[in-house]
Amino acid sequence: MKLICLLQGRVLKEAFRALFTGPYTSPFPAKPSEAYPRYRGKPKYDEEECVGCGGCAEVCPAKDITVTDDKENKKRTITLYYDKCIQCGQCEANCITEKGIKLSNEYDHLVYFDRSLAKTQIEKELVLCEVCGDVIGTADHIRWVTEKLGPLAYSNPTLILSALRDAKVMEEVPPRDQELETGRHDVMRMLCAKCRRKVQLTA
Ligand code: SF4
Ligand code: SF4
């Protein structure tokens, strides 16, 4: 009985104090609540730093990143669905450029009435093989590999061509005659790994 009276006294005291000091609970969402600096929130792509390699889609354990290649329009679309994302940070940790995607500390922008809007997309130009038409990669990814390799890039004609075209020091090569067999004349063409191997063996 004595204990109950004691507890009631404490509760009343707290309630009386709360009348003047306000509630203990956070006033969110009326007042924004700052997340901790290292909080793993909404992932965001950086258009400039992402090269569109698709590595983040490979490592995402929730499989919430898709890579869609539109060969006709030479466009790659990478889509990240926020409604499936578990904010684990694997995409950021494994991004090849280390800056292509970052987890922000935003947490209150992940509520949607329409789930189809819960996504972010990034688009990149695709480069196709001039012989078989298969995807070589994105233009930005090829540039990134060329820069990373430095002088070693000169061992691969596809990389040299990409660098020369970017530097605008060569004229556009006429389109390849698709009736021709693969051969020596294809050495200085943008080729996928499979066709490059074939050309190197027959050249
Ligand atoms: S550069 Fe990074 S963020 Fe962009 S697709 Fe590759 S792994 Fe993903
Ligand atoms: S944070 Fe994790 S779950 Fe979310 S997109 Fe990145 S890898 Fe996938």
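Biologist: How does the shell around ligand 2 divide by class into nonpolar, polar and charged residues?
Modeller: In this predicted model, the shell around ligand 2 takes in 13 residues, the closest being C60, C85, C88, Q90 and C91. By class, the shell around ligand 2 has nine nonpolar, three polar and one charged residues.

Biologist: And how do the residues around ligand 1 divide?
Modeller: Ligand 1 is surrounded by 14 residues, with C50, G55, C56, C95 and G100 the closest. The shell around ligand 1 divides into nine nonpolar, five polar and no charged residues.

Biologist: Is D140 buried or exposed?
Modeller: D140 sits in helix α4, residues 139-149. Leaving aside neighbours within four places in sequence, D140 is in contact with V51, G52 and K124. The cut-off for burial is 20 or more other C-beta atoms within 10 Å. D140 has 21 C-beta neighbours inside 10 Å, so it counts as buried.

Biologist: How far apart in space are D140 and G183?
Modeller: In sequence, D140 and G183 are 43 residues apart. From C-alpha to C-alpha, the distance between D140 and G183 is 28 Å.

Biologist: Are α4 and α5 roughly parallel or roughly perpendicular to each other?
Modeller: The axes of α4 and α5 come within 9 Å and cross at roughly 105°. Angles of 65 to 115 degrees count as roughly perpendicular. The two helices, α4 and α5, are therefore roughly perpendicular.

Biologist: Which residues of α5 does α4 meet?
Modeller: From α4, the residues taking part are I142, R143, V145, T146 and L149. By class, the contact of α4 with α5 has five nonpolar, two polar and two charged residues.

Biologist: Why do the buried residues of α6 line one face of the helix?
Modeller: Helix α6 spans residues 193-202, and its buried residues are C195, R196 and V199. An α-helix has 3.6 residues a turn, so residues three or four places apart point the same way. Seen down the axis of α6, the buried residues line one face because they fall within an arc of 105°.

Biologist: Which residues are exposed on the other side of α6, and which helix is included in what covers its buried residues?
Modeller: The exposed residues on the other side of α6 are A193, K194, R197 and L201. What covers the buried residues of α6 includes the helix formed by residues 157-166, α5.

Terms used. Residues are numbered from 1 along each chain as its sequence is written. Chains are lettered from A and ligands numbered from 1 in the order in which they are written. This is a predicted model: local features need pLDDT of at least 70, side-chain atom pairs count only at pLDDT 80 or more; totals for chains, interfaces and linings use all residues. A residue is near a molecule or strand if its C-beta atom, placed from the backbone, lies within 6 Å of it. Ala, Val, Leu, Ile, Met, Phe, Trp, Tyr, Cys and Pro count as nonpolar, Asp, Glu, Lys and Arg as charged, and the others, Gly among them, as polar. A residue is buried if 20 or more other C-beta atoms lie within 10 Å of its own, exposed if 12 or fewer, and partly exposed in between; C-beta atoms are placed from the backbone. Helices (H or I, at least four residues) and strands (E, at least two) are DSSP runs, numbered from the N terminus. The arc is that of the directions from the helix axis to the C-beta atoms. Two residues are in contact if their C-beta atoms, placed from the backbone, lie within 7 Å. Axes are lines fitted to C-alpha atoms, for helices over the stretch in contact, and angles run from 0 to 180 degrees between N-to-C directions. Angles under 35 degrees count as roughly parallel, over 145 as roughly antiparallel, 65 to 115 as roughly perpendicular and the rest as oblique.
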